[in-house]
Number of protein chains: 2
Amino acid sequence: MSSDYQAFYHRRCVMITGGLGFIGSNLARALVELGADVLIVDSLIPDSGANFFNIDGIADRVRVNISDIRLQTTLNHLVRRCEVIFNLAGQISHIDSMRDPYADLDINCRSQLCLLEACRLSNPRAKVVYAGTRQVYGRPDSLPVTEDHLVRPTDVNGINKAAGENYHLLYNNVFGIRACSLRLTNVYGPRQLIRHNRQGFIGWFVRLALEDREVQVYGDGSQIRDFVYVEDAADAFLRAGASEVCNGGIFNVGGAQPTSHRDLVSLLIDVAGTGTVRYVPWPPEKKAIDIGSFYADSSRFRAAVGWNPQVGLREGLTRTIAYYRQHLSHYLESPAGTTLEPA
Amino acid sequence: MSSDYQAFYHRRCVMITGGLGFIGSNLARALVELGADVLIVDSLIPDSGANFFNIDGIADRVRVNISDIRLQTTLNHLVRRCEVIFNLAGQISHIDSMRDPYADLDINCRSQLCLLEACRLSNPRAKVVYAGTRQVYGRPDSLPVTEDHLVRPTDVNGINKAAGENYHLLYNNVFGIRACSLRLTNVYGPRQLIRHNRQGFIGWFVRLALEDREVQVYGDGSQIRDFVYVEDAADAFLRAGASEVCNGGIFNVGGAQPTSHRDLVSLLIDVAGTGTVRYVPWPPEKKAIDIGSFYADSSRFRAAVGWNPQVGLREGLTRTIAYYRQHLSHYLESPAGTTLEPA
């Protein structure tokens, strides 16, 4: 039996930007199960996480519209019937944002304005849930990090994601477009991009482990992170989208078990039964934008909507490894014909 | 006799973006007096504060390059010889930013990346002083506001100015481009745009008073602001540009006398000897992005570089009124041929 927030989506028209990507596609699968009318909008930007295989098995139960969300007229049309918009389209590579800050600006700022303007112009009753990121906090002053921590991003991506988030709150407060932001920490699980290593380390570590390669951990591996299994992240979006108490709010969505890189990798290798670990010095370009240890306090979100992550790290890694063991080839080819291997 | 930070500029090559504007031109005048080699870069965007009359009397002692700072190749060339860059180019109208968020994004985000990329590519030894704004704080939790207050902007302009500021700190921290940000509160004085009322209220109030018109104050006028006379603001830039202790820092630059709108207007009318006041209800579009009372704690900047505002509010308003009485016609025409009167 589904609970209230799940029943909310039955026959409801929802849109997912970035819906062919990692979290977006997992969310789409959950929504299809709940009987929602799902519109996926994705730009298929090369080297993003977009992958048609991510909707394998549900492709005939969703509508897919390939489009760049920087196009105002396109978006004006697409948002028209949607009651809830899960806004997950974004450039998420910290490293790429430092190499090409303009591309990051276009995707993480201009596109977000475009979506919100489309709502204002064509569908002001839509509700928008934005995929924010812990990256906006930068290096934490203290742990765990609450939403009252200063926003002090250490890379272009974090700066632009902070702006994108603020646009959502602004349109909520000024134009009455109901919106909130979920600041996700490290999300992992099936359907994550593992073709290259520029979208966070965990997907890359998973790939190395299951190919029985060496996982390189920077420094002594004592850095702490918290990890959210993707189904728990999707559940967070579902709860936020069905709730009115979230409007205008910012919420940390983090994992229950803060874990060091060292412990993560040893658990991963244990679960996979393959892979080795080696500790290496920090590469300067990564050290320059690193933030030290981080884990979030998610109690505000828990109190607001009752969210609680259900999948522990061992279980989540086990499912992740099993998924990629079965479907690895679909995650090594680039769907847009770009390079197979990281630069 | 000039003090050390003033002597620093003798024969030094400096660039001022937005140098035909209000603060930029006052800064240019101060720099010319100190013997600096001044390059003004301005895009002459219609309805901005750019005005050739602002450099009347120093036009033969500065170089002026009209250019859009969104052009990377242009900027790469222009920054090449500059030792200090005062980066004041910006869209500053909160109201305009809500009407055209894309223009604000281009000017306050893309242009800032352009300038910083130009430094990284062509002149990494330049030092950049960015004109930030108190607008990034949004509605304050408590007064006076320190730099540790959360950044929670209430309009598109504040969001984009926060991103622009963060780029500067990022390029300081990651790429070694020495940069800092001065978060200015309400700056006023000669050479401010008074053609329309979309760039802050104080210039507009000055114009109404000296034309013996009615000054409309929203609500009961109890809202508090702090005001910085433009020569004191220029002095803040000079001190920051000559100092190494500011690198990577954010500093409030606010006035010494927090003053209500009510008291400001009555002082203004008293000083001008003309004008009347009327209290009117808040227009909804302004109320929606209003932040209540605000005044800044500038002690961090004072401690860093010894800055102290020298010109009190009565004296500053007296000089301002005298300036516009003498030169009013130059501030009613649009230098770019746009409308004379506010929309």
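**Exercise 1. Determine how chain A is related to chain B in this predicted model.**

Step 1. The superposition is by least squares on the C-alpha atoms of residues with pLDDT of at least 70 in both copies.

Step 2. The same surface serves both copies, since 91% of the contact residues of chain A recur in chain B. Two residues are in contact if their C-beta atoms, placed from the backbone, lie within 7 Å.

Step 3. The residue of chain A that comes closest to the rotation axis is A:Leu150, whose C-alpha is at 2.8 Å.

A note on conventions: residues are numbered from 1 along each chain as its sequence is written, and chains are lettered from A and ligands numbered from 1 in the order in which they are written. Since the model is predicted, local features need pLDDT of at least 70 and side-chain atom pairs count only at pLDDT 80 or more, while totals for chains, interfaces and linings use all residues.

**Exercise 2. Describe the side of chain A that touches chain B.**

Step 1. Chain A brings 23 residues to the contact and chain B brings 21 residues.

Step 2. On the side of chain A, the elements that give two or more residues are helix H5 (101–122) and helix H6 (156–175). Helices (H or I, at least four residues) and strands (E, at least two) are DSSP runs, numbered from the N terminus.

Step 3. H6(A) gives the most, with nine residues.

Step 4. Sorted by class, this side has 16 nonpolar, four polar and three charged residues. Here Ala, Val, Leu, Ile, Met, Phe, Trp, Tyr, Cys and Pro count as nonpolar, Asp, Glu, Lys and Arg as charged, and the others, Gly among them, as polar.

**Exercise 3. In what order do the seven strands of the open sheet of chain A stand?**

Step 1. The order is S3-S2-S1-S4-S5-S6-S11, and the pairing is parallel. Two strands pair if DSSP finds at least two bridges between them.

Step 2. Strand S3 (62–66) and strand S11 (250–253) of chain A are at the edges; each has a single partner strand, so one side of each is left without a neighbour in the sheet.

Step 3. On average, neighbouring strands of this sheet are turned by 20 degrees against each other, direction ignored. Axes are lines fitted to C-alpha atoms, for helices over the stretch in contact, and angles run from 0 to 180 degrees between N-to-C directions.

Step 4. Strand S6 (residues 178–184) of chain A is joined to S11(A) by four bridges, and the two run parallel. Opposite A:Ser181 stands A:Ile250 in S11(A).

**Exercise 4. Is A:Leu182 buried or exposed?**

Step 1. A:Leu182 lies in strand S6 of chain A.

Step 2. Because 27 other C-beta atoms lie within 10 Å, A:Leu182 is buried. A residue is buried if 20 or more other C-beta atoms lie within 10 Å of its own, exposed if 12 or fewer, and partly exposed in between; C-beta atoms are placed from the backbone.

Step 3. Leaving out residues up to four places away in sequence, A:Leu182 touches several residues, including A:Val129, A:Phe237 and A:Phe251.

**Exercise 5. Examine the backbone at A:Pro144 and A:Arg11.**

Step 1. The peptide bond joining A:Leu143 and A:Pro144 is cis, with omega about -10 degrees. A:Pro144 is in the loop between strand S5 (127–133) and H6 of chain A.

Step 2. A:Arg11 has phi near 60 degrees, a positive value in a residue other than glycine. A:Arg11 lies in the loop between helix H1 (4–7) and strand S1 (13–17) of chain A.

Step 3. A:Arg11 counts as exposed because it has 8 C-beta neighbours inside 10 Å.
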